[in-house]
Amino acid sequence: MNTRQRLSVVMITKNEAELIPECLASVSWAYEIVVLDSGSTDQTVEIARQAGAKVFQSTQWPGFGPQRQQAQQYASGDMILMIDADERVTPELRQSIETLLSQPPQEHQVYSMARSNWFLGRYMRHSGWYPDRVTRLYPASFTYNSHLVHESLEHPGATVIRLTGDLQHLTCRDLHHFQQKQLAYANAWAQQRARQGRRCGLFSVYSHTVAAWLKTALLRAGFLDGHQGWILALVNAQYTFNKYAILWALTRTK
């Protein structure tokens with residue numbers, strides 16, 4: 001009797017034609033691949049369909065958390081692997097997942113994996129960017145929260161089991177594009193906090209910015225990542241400044 005659990009790989013996309021082929025190839029062994037696209041104007045949808053993925057499209061953008069919730073609703077597998085187009089499952093991680101799928105299901109266990117993040121020419125090993133464990137593999141009974149940005153899996157009462165093998169993440173290949181994404185994340189973060197009634201003063205803007213630089217460069221040993229570590233410390237400080245400055249401006253306007 002075959003007791004192998006079925007794995008649904010779930011992705012949300014928009015204009016990922018350059019990155020998605022390698023991502024899809026790294027999970028081609030899954031039971032199914034589900035892609036929810038939010039208005040790509042490049043070849044993302046066609047590439048995903050040619051790779052055998054089940055592609056769905058959405059004209060609305062409710063935020064990252066709700067979008068992942070909607071994408072998961074199209075999945076029919078026993079287990080969910082939530083990944084992004086700029087991520088790749090390594091052979092070692094695949095072996096860990098395949099071994100798990102061959103075992104009886106555990107309804108109260110979710111699974112984390114180390115994420116290896118690429119930044120301007122190297123995989124970072126410090127700076128708070130490694131092992132950067134993320135909980136992405138879980139029974140279909142769990143789902144993501146509704147956060148507009150920095151969303152995460154809701155798994156109350158579940159035990160988190162660590163898998164071996166890395167999830168490669170092509171975080172930043174182009175600094176300009178990366179900065180644009182960071183600014184969009186910062187704005188979504190600030191909008192969400194403002195709706196929750198959160199406020200901040202100018203001192204918080206500056207203190208959080210300085211703390212972000214110190215945490216990345218020194219406390220998390222970013223200096224050991226060479227030039228990229230120092231640049232990342234500044235990028236993190238800038239991102240933090242943008243978050244709190246936008247929140248400050250929103251509350252001032254209101």
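**Labels and their cut-offs**

User: What makes the radius of gyration of the protein agree with a compact globule?
Analyst: With 254 residues, a compact globule would have a radius of gyration near 18 Å, and the protein has 19 Å, so the two agree. The radius is taken over C-alpha atoms, and the globule rule is 2.2 Å times the number of residues to the power 0.38. A word on the source: this is a predicted model, where local features need pLDDT of at least 70, side-chain atom pairs count only at pLDDT 80 or more, and totals for chains, interfaces and linings use all residues. Residues are numbered from 1 along each chain as its sequence is written, and side-chain values use heavy atoms, with hydrogens and water left out.

User: Why is Thr171 called buried?
Analyst: Buried means under 20% relative accessible area (exposed is over 50%, partly exposed in between; 1.4 Å probe, protein chains only). Thr171 has 13% relative accessibility, so Thr171 counts as buried.

User: What is Thr171 in contact with, leaving aside neighbours within four places in sequence?
Analyst: Asn117, Trp118, Trp129 and Phe178 are in contact with Thr171, where contact means heavy atoms within 4.5 Å.

User: Which residues touch the most other members of the largest nonpolar core?
Analyst: Among its 30 residues, they are Leu7, Val9, Met11, Leu81, Ile97 and Leu137. Such a core is a set of buried Ala, Val, Leu, Ile, Met, Phe, Trp, Tyr and Cys residues joined through side-chain atoms within 4.5 Å. Another core, of 13 residues, lies apart from it and includes Ile12 and Phe142.
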